[in-house]
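Student: I have a model open and would like to learn how to read its features. Could you take me through them?

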Amino acid sequence: MIRPGDGLRLALRAMTAHRLRSFLTLLEIAVGIAAVILLTSIGEGIHRFVLAEFTQFGTNVISVAPGKVKTSGPAPTGIPTSVRPLTLEDAHALGRLPHITGMTATVWGNTEINANGRLRRTTVNGVSAEMLKVFGIRVSSGQFLPAEDADHARAFIVLGAKLKEELFGTGNPLGARVRVGGLTFRVIGILEAKGQFLGIDLDDAAYIPTARALELYNRDGLMKIDMSYEEGMPAADVSALVKATLTARHGREDFTITTQEDMLQTLSNILDVLTMAVGALGSISLLVGGVGIVTIMTIAVSERTGEIGLLVALGAPRRTILSLFLGEAVVLSALGGLFGLLLGVGIAQLLHLLLPALPVHTPLSFIVLAENIAIAIGLLAGVLPARRAARLNAVDALRAE
């Protein structure tokens with residue numbers, strides 16, 4: 001009976017006896033593992049980046065938009081197809097529902113803003129006073145829009161950080177008058193810089209009361225209503241409450257409800273599939289490594305026929321010979337996997353260093369899984385040659401030698 005330590009030494013000695021051949025086989029596995037690690041690191045990095053972009057405003061948000069999303073087609077004759085717009089009264093009714101912690105009724109458009117002798121066209125959002133609470137935004141100076149009735153909403157405006165710089169530079173804009181379209185507003189606050197969200201500059205925007213925005217854009221309905229709800233409250237329960245309230249007010253379901261939780265789950269599922277797809281693409285090269293191990297182990301069995309015959313003649317069990325050749329295949333693939341991990345992680349970090357905008361992340365679970373895959377490939381690829389070696393007849397093997 002050969003001890004495990006002796007078996008490992010025999011396997012390492014067989015590999016070092018043919019260094020170049022063993023290295024090339026090891027390299028095939030390493031390239032495959034490196035490709036898998038690199039592609040999945042990029043995929044996981046993009047996954048985390050996109051989810052972080054969507055969750056920067058919180059995850060307990062629910063939105064209502066006018067119109068029911070359904071399969072398109074001609075409407076039945078005699079049934080009106082007009083959609084009742086969402087009103088400020090609808091928004092206030094939803095804001096008073098249980099478990100709702102904040103509500104903002106939103107209207108937006110692209111308008112010229114004239115201030116301090118400068119003119120800039122940008123997005124002007126009509127929002128409610130609780131917008132900061134809903135989306136977790138902060139004011140850097142001044143204050144946000146006060147809570148006022150729609151009929152008495154004063155002409156106040158809050159500027160995004162970039163818009164403030166474009167219009168007033170380093171000066172203090174608080175109290176200044178700005179002209180938005182055909183209306184004049186007074187600046188009462190500046191928001192903290194928020195950066196970009198999927199290519200949209202959130203800081204290059206202005207915020208005015210919703211009622212004033214409806215007047216500015218000559219609209220009779222809201223574009224959407226956003227609400228935040230209590231932490232731990234199931235999104236489905238809140239959605240059902242909102243649906244029942246609006247259906248009662250409108251007489252039918254002529255609106256669409258979207259929860260942040262559902263959207264993030266769907267997005268996460270799509271990104272998981274993307275990560276697995278790029279990982280599968282990289283794993284194609286692992287098949288080449290598996291073929292390489294089968295080839296080298298088959299050659300090794302042919303070259304060491306006499307050694308196998310001698311071991312059998314000395315009383316070595318068939319399972320011992322099987323484990324020797326399987327061990328050699330596993331050692332080759334495991335070493336190739338480790339080398340591939342170092343190569344893949346190194347290239348991924350180098351890419352992130354050269355291209356900081358490219359999100360890259362390599363979870364520990366990916367590293368462990370990749371090494372296990374490498375070992376599994378060694379086992380699978382080494383089975384046939386190892387079984388062939390274990391089945392050799394001692395007399396025939398010695399005679400062949």
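Student: Which residues have the most contacts inside the largest nonpolar core?

Tutor: First, a word on the source: this is a predicted model, where local features need pLDDT of at least 70, side-chain atom pairs count only at pLDDT 80 or more, and totals for chains, interfaces and linings use all residues. Residues are numbered from 1 along each chain as its sequence is written, and side-chain values use heavy atoms, with hydrogens and water left out.

Tutor: Now the general idea: in soluble globular proteins, nonpolar side chains tend to be buried together. A nonpolar core is a set of buried Ala, Val, Leu, Ile, Met, Phe, Trp, Tyr and Cys residues joined through side-chain atoms within 4.5 Å; buried means under 20% relative accessible area, exposed over 50%, partly exposed in between (1.4 Å probe, protein chains only). Here the largest core has 40 residues, and Val64, Ile157, Val178, Leu222, Ile225, Met227 and Val242 have the most contacts inside it. Strand E2 gives the most to this core, with 6 residues. Apart from it lies another core of 18 residues, including Ile296 and Leu332.

Student: What is Val242 in contact with, leaving aside its neighbours within four places in sequence?

Tutor: Contact means heavy atoms within 4.5 Å. With those neighbours set aside, Val242 touches Ile62, Val64, Leu94, Leu97, Met227 and Ile257.

Student: Which residues lie nearest the centre of the second largest pocket?

Tutor: On a 1 Å grid over the protein atoms alone, a pocket is an open set of points where a 1.4 Å probe fits, with protein on both sides within 12 Å along at least five of seven lines; lining residues have an atom within 4 Å of a point. This one is lined by 22 residues, with His92, Ser128, Ala129, Ala147 and Glu148 nearest its centre. Helix H3 (88-95), strand E2 (100-115) and helix H6 (210-216) each give two or more residues to the lining, and E2 gives the most, with 5.

Student: Where does Leu51 lie, and what is its C-alpha distance to Leu264?

Tutor: Leu51 lies in helix H2 (residues 19-55). Leu51 and Leu264 are 213 residues apart in sequence and 7.1 Å apart in space, C-alpha to C-alpha.

Notes
Helix = DSSP H or I, 4+ residues; strand = E, 2+ residues; numbered from the N terminus.
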